[in-house]
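Please look over the sequence and the model below, and read the following notes alongside them.

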Amino acid sequence: MPDALSHRRLSRRGLLAAAGAAGLGALLAGCGKDGGDAATSAGPTGGPWSFTDDRQQKVDAAARPTRIVAFTGVAAALVDFGLDKQIVGVFGETKKADGSKEPQAGDLDVEQVEILGNAWGEFNLEKYAGLRPELLVTHMYDPGALWYVPDESKAKILPLAPSVAITTARVPMTRPIERYAELAGSLGADLTAKKVTDAKGRFTAAAEAVRQAVRANPGIKVMAASGSPDLFYVSNPRISTDLMYFAELGVDLVVPTKLEQGDYFEALSWENTGRFPADLILLDNRPTALQPKDLAAKPTWAQLPAVKANQVTAWDAVPRFSYAGAAPLLENLATAIRGAKKVTP
């Protein structure tokens, strides 16, 4: 699910446009020239390359791209599938305040890539141009919308390199995983490597564990949610790709009814958090959302049956779309469902 807080920001993204945009073209032209001296391409490999993304846009290149910039979670997924030095830059939450990695960075070596932005709305155009990118890759939650590529600067970003967008909503989670595997393979990753096949085996086993947990403990109602200071967001399993897949595995998920624009969630006031009874809550664990310690001061949160029963588990609302990234999510879900008690009527 796209960040509920980010959805609120979308309406005011125009206010974030950087001053001095008129002079940006000259700045980028200079950066590109300097970058050519400092960072040269690794050279042609694999002959002509092409890939058709989920916008149905075909990207063609004379050689396989070797300088890739991606949303951090995408970069980590591509690393899971076997890419490495090809990733030269990332954008999106990558490092915590203490310098440690954000969970979505996975096995990405964050010390070996240029971080172009570490939060929503951050994307350093000068650094991007200096990297001499050959390919930009990110999620696409809504048609044509490139995740974490700021609207106010995308007209300057997109001409600098071809882009690939993979759909990450309104399809089950297995679909973007397969598409990122396909992209990684086209970029030179060995999808038959033990690392990849072992991860796929673990994912398959974890999916079966969820099915078995649902059968062994029937009737558990699950709600996926995200908290902000003012609102409580209940996610829609008919849109969010991971929740769609959980439902396919048999998980009984709350389906909100009064959806916000995009249909991703229903926004409830804190007075109305009890609208959807649930035995188990999957709580958005990203730094943009309130965590249990932050929510403890909300009286209506404390009164929810699942909270009283200590049946709240962390939820990666923007999962890492690889077998290695998704398998632990399924394992944790299976464990939570097996251990849950029925606490609602």
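This is a predicted model: local features need pLDDT of at least 70, side-chain atom pairs count only at pLDDT 80 or more; totals for chains, interfaces and linings use all residues.

Leaving aside neighbours within four places in sequence, the residues in contact with Thr138 include Phe71, Val74, Phe91, Leu146, Val164, Ile166 and Tyr180.

Trp147 is also among the contacts of Thr138, and the side chain of Thr138 comes to 2.7 Å from the backbone oxygen of Trp147. Val90 stands 48 residues from Thr138 in sequence, while their C-alpha atoms are 9.9 Å apart in space.

## Helix H7

Helix H7 runs through residues 194-216, and its 23 residues should span 33 Å at 1.5 Å a residue, which agrees with the 32 Å between its end C-alpha atoms.

The buried residues of H7 are Val196, Ala199, Phe203, Ala206, Ala207, Val210, Ala213 and Val214. An α-helix has 3.6 residues a turn, so residues three or four places apart point the same way. Among the elements that cover the buried residues of H7 are helices H3 (72-80), H6 (174-186) and H8 (241-248), together with H12.

## The largest pocket

The largest pocket holds about 420 Å³ of space, and its lining is made up of 22 residues, with Pro103, Gln104, Asn285, Arg286 and Asp316 lying nearest its centre. By type, the lining residues comprise 10 nonpolar, 5 polar and 7 charged.

Helix H12, formed by residues 323-339, gives the most to this lining, contributing 4 residues; H12 is also among the elements that cover the buried residues of H7.

Technical notes:
Residues are numbered from 1 along each chain as its sequence is written. Side-chain values use heavy atoms; hydrogens and water are left out. Contact means heavy atoms within 4.5 Å. A polar contact is a pair of N or O atoms within 3.5 Å; within protein, one must be able to donate a hydrogen and the other to accept it, and residues adjacent in sequence count only if both atoms are side-chain atoms. On a 1 Å grid over the protein atoms alone, a cavity is a set of points where a 1.4 Å probe fits but cannot get out, and a pocket is an open set with protein on both sides within 12 Å along at least five of seven lines; lining residues have an atom within 4 Å of a point. Grid points are joined across faces, edges and corners, and a volume is the space filled by probe spheres set on the points. Helices (H or I, at least four residues) and strands (E, at least two) are DSSP runs, numbered from the N terminus. Ala, Val, Leu, Ile, Met, Phe, Trp, Tyr, Cys and Pro count as nonpolar, Asp, Glu, Lys and Arg as charged, and the others, Gly among them, as polar. The expected span of a helix is 1.5 Å times one less than its number of residues. Buried means under 20% relative accessible area, exposed over 50%, partly exposed in between (1.4 Å probe, protein chains only).
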